[in-house]
Amino acid sequence: MGKILLTGGTGFIGSHTAVKVIESGYDVVIADDLSNSDASVKGRIERITGKGVSFYQVDVADSAAMEEIFDAHEIDAVIHFAGYKAVGESVVRPLAYYRNNLDTALTLLETMQRHGCKSFIFSSSATVYSPANDVPFTEESEDLGCTNPYGWTKFMIEQILKDVCKADPEMSVVLLRYFNPIGAHASGLIGENPSGVPNNLMPYITQVAQGIRPHLNVFGDDYPTHDGTGVRDYIHVVDLAAGHVAALEYCTAHKGCEVFNLGTGQGYSVLDLVKTFERVNGVEIPYEITDRRAGDIAVSYADVSKAREVLGWKAEKGIEDMCRDAWRWQQSL
Ligand code: WQD
């Protein structure tokens with residue numbers, strides 16, 4: 001099958017993808033500096049899959065360290081997850097975000113070029129879609145600008161990859177634009193574990209459920225949506241992980257650069273998610289309505305027809321599975 005390098009492979013999406021990639025018959029090498037993940041994740045991936053993983057604690061922007069990995073392994077394809085990902089922090093520390101996210105991508109691509117590795121899958125984000133576009137967002141939605149430096153780093157790396165493909169017709173690149181990944185592996189062994197106060201909705205809900213935080217702040221109830229709260233396309237992280245395996249298979253059969261949305265195509269409001277979480281898990285989530293969060297948009301969901309038609313992939317799990325699995329994981333912490 002082949003050997004796949006996952007940068008950021010011990011992170012939330014990376015670890016679930018590592019499991020799916022191994023279960024699909026590939027060997028996995030992980031490069032992660034553990035700046036936002038835990039050293040125990042490697043062993044947990046191995047426990048779930050029953051297979052060994054090669055792990056390197058390195059900064060992906062460290063050219064010599066990446067060179068060593070490519071010298072030691074015949075890497076067939078790279079899935080690049082590593083990067084800073086907090087939208088709010090990116091507004092406060094733009095230089096850190098541009099430096100880190102662009103440096104890691106460039107170093108990785110240069111190393112791949114030296115070693116003749118031609119297949120690259122990139123963790124992009126729905127945040128590259130300007131809210132000036134209509135929903136659902138399609139891959140053809142217009143480039144009307146991002147709303148924060150984090151989004152711009154994704155946008156810029158997408159552009160770099162398009163140019164790399166133009167310069168080298170042997171390159172095969174897939175840009176995956178994730179919507180809102182939540183949930184956790186059904187084993188309860190891997191999941192999302194943000195340090196500090198969670199920025200994102202589901203980890204906040206699970207911490208409220210566990211009594212770590214007294215209540216959820218719902219950021220605005222005056223959006224033009226069915227209940228006034230923001231609507232998002234939540235996707236189970238295990239479905240998202242399977243999308244990467246489909247992208248790997250696509251990569252081996254096609255050259256050039258293609259972009260795909262990975263979402264369910266269905267939007268749920270903040271209160272839809274809260275109510276579903278309460279119902280399926282039998283816990284109460286106290287909440288208070290507060291002001292809107294700066295930079296938030298009312299509604300975001302994907303047109304998922306391209307991924308279905310071209311990759312033959314679609315999300316299988318529903319919002320109830322996402323709530324159950326996220327709660328199981330939180331309780332294991
Ligand atoms: C979802 C909804 C909030 C927290 C961001 C990035 C995106 C990706 C995922 C990646 C919104 C509301 C949230 C809370 C709330 N990033 N909310 N109370 O903003 O859609 O997407 O995270 O690495 O690029 O933009 O996700 O989970 O933060 O918010 O009411 O405490 O929940 O207003 O409507 P978002 P989110």
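**Exercise 1. Find how far a polar side-chain atom of Asn180 lies from an oxygen atom of the ligand, then find other such pairs.**

Step 1. For Asn180, a polar side-chain atom is 3.0 Å from a ligand oxygen atom. This is a polar contact (a pair of N or O atoms within 3.5 Å).

Step 2. This is a predicted model, in which local features need pLDDT of at least 70, side-chain atom pairs count only at pLDDT 80 or more, and totals for chains, interfaces and linings use all residues. Residues are numbered from 1 along each chain as its sequence is written, and side-chain values use heavy atoms, with hydrogens and water left out.

Step 3. At Asn199 a backbone N or O atom lies 3.4 Å from an oxygen atom of the ligand. At Asp296 the distance from a polar side-chain atom to a ligand oxygen atom is 2.6 Å.

Step 4. The ligand taken alone exposes 690 Å², and the protein buries 87% of that (Shrake-Rupley method, 1.4 Å probe).

**Exercise 2. Describe the shell of residues around the ligand.**

Step 1. There are 20 residues around the ligand, each with a heavy atom within 4 Å of it. Leu201, Asn217, Arg232, Arg293 and Asp296 come nearest.

Step 2. Sort the shell by class: nine residues are nonpolar, seven polar and four charged. Here Ala, Val, Leu, Ile, Met, Phe, Trp, Tyr, Cys and Pro count as nonpolar, Asp, Glu, Lys and Arg as charged, and the others, Gly among them, as polar.

Step 3. Assign elements, taken as DSSP runs: helices (H or I, at least four residues) and strands (E, at least two), numbered from the N terminus. Both α7 (201–209) and β8 (216–219) supply at least two shell residues, and β8 gives the largest share, four residues.

**Exercise 3. Determine how many cavities of 30 Å³ or more the structure holds, and what lines them.**

Step 1. There are two. A cavity is a set of points, on a 1 Å grid over the protein atoms alone, where a 1.4 Å probe fits but cannot get out; lining residues have an atom within 4 Å of a point. Volume is the space filled by probe spheres set on the points.

Step 2. The largest cavity holds about 80 Å³. Its lining includes Phe12, Glu192, Met202, Thr206 and Trp329. The elements giving two or more lining residues are α7 and α11 (319–332).

Step 3. The second largest cavity holds about 40 Å³. Among its lining residues are His80, Tyr84, Asn101, Phe122 and Lys154. Here α5 (94–115) and α6 (149–167) give two or more residues.

Conventions: A polar contact is a pair of N or O atoms within 3.5 Å; within protein, one must be able to donate a hydrogen and the other to accept it, and residues adjacent in sequence count only if both atoms are side-chain atoms. On a 1 Å grid over the protein atoms alone, a cavity is a set of points where a 1.4 Å probe fits but cannot get out, and a pocket is an open set with protein on both sides within 12 Å along at least five of seven lines; lining residues have an atom within 4 Å of a point.
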